[in-house]
Amino acid sequence: MAAEELRASGTPFSLSFSGSGFLVLYQVGVVQSLLELAPELLKSACKVYGSSAGSLIAAAVVYDLKEVFYANAREVRKTLLGPLSPKCSLLANIKTVLQRWLPEDSYQVASGRLHISLTRVVDGQNVMVSEFNSKEELIQRYVDGGFTGLQPVSSLEEAVITVSPFTGELDICPRDCPAIFYCFQIFNGSIQISVENLCRISYALFPPSIMVSQALFLLL
């Protein structure tokens, strides 16, 4: 169901932000556009799902984190191996930023509305966490949920607006032309087989230049 139809019908709906790596700026651009064009859509979402970097976008529904992601991309590009460099610690950087930006009662606001996809270590199964007891618990991430739940959503949800930086069978995503390629399902996510998406996968793993990042942010 289209976003306009959801708003008009009054049907309860949720938002789902996929795992995206360094393509997270595309999703930040989506949030910024919604804030300008349809702020009630963000406020009306009863649940906000996030996986991997998408879990940070759920926070961006309330907090503007665009400059934070630009700063992280610049930091990672300083090393030859990018995110694989032993000198690079994205998790530590993100934790530091969240500690600084989120208020002490952020866990109370998040509980029940923010749903984060995680991978359980003992059996490799995907789990969804939606209740938090402290700001520190809200920030902690054990194993990246993108490995088992790329596009997080509850099986009980009837109306979900999906957001992803990869072209596929999704509500909000880049639209490659011509769209004649097949889509495949991976970790509960839909990705179209195309040259453009192959480039996006490489950008998700290794941060693109600031110019490309800005283009991703404006790609709507």
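What follows describes the sheet and the nonpolar cores of a predicted model. In this predicted model, local features need pLDDT of at least 70 and side-chain atom pairs count only at pLDDT 80 or more, while totals for chains, interfaces and linings use all residues. Residues are numbered from 1 along each chain as its sequence is written, and side-chain values use heavy atoms, with hydrogens and water left out.

The sheet is open and mixed, with five strands in the order 4-3-2-1-5. Strands (E, at least two residues) and helices (H or I, at least four) are DSSP runs numbered from the N terminus, and two strands pair if DSSP finds at least two bridges between them. Strand 4 (126-129) and strand 5 (160-163) each have a single partner strand, so one side of each edge strand is left without a neighbour in the sheet. Strand 4 pairs with strand 3 (residues 114-119) in the antiparallel sense over four bridges; V127 in strand 4 is the bridge partner of L118.

The largest nonpolar core has 32 residues, of which F17 and L114 touch the most other members. Such a core is a set of buried Ala, Val, Leu, Ile, Met, Phe, Trp, Tyr and Cys residues joined through side-chain atoms within 4.5 Å, where buried means under 20% relative accessible area (1.4 Å probe, protein chains only). Among the elements giving two or more residues to this core are strand 1 (14-17), strand 3, strand 5 and helix 8 (135-139). Helix 2 gives the most, with six residues.

Beyond its neighbours within four places in sequence, L114 is in contact (heavy atoms within 4.5 Å) with V48, A58, V129, S130, F132 and L138.

Methods. Buried means under 20% relative accessible area, exposed over 50%, partly exposed in between (1.4 Å probe, protein chains only).
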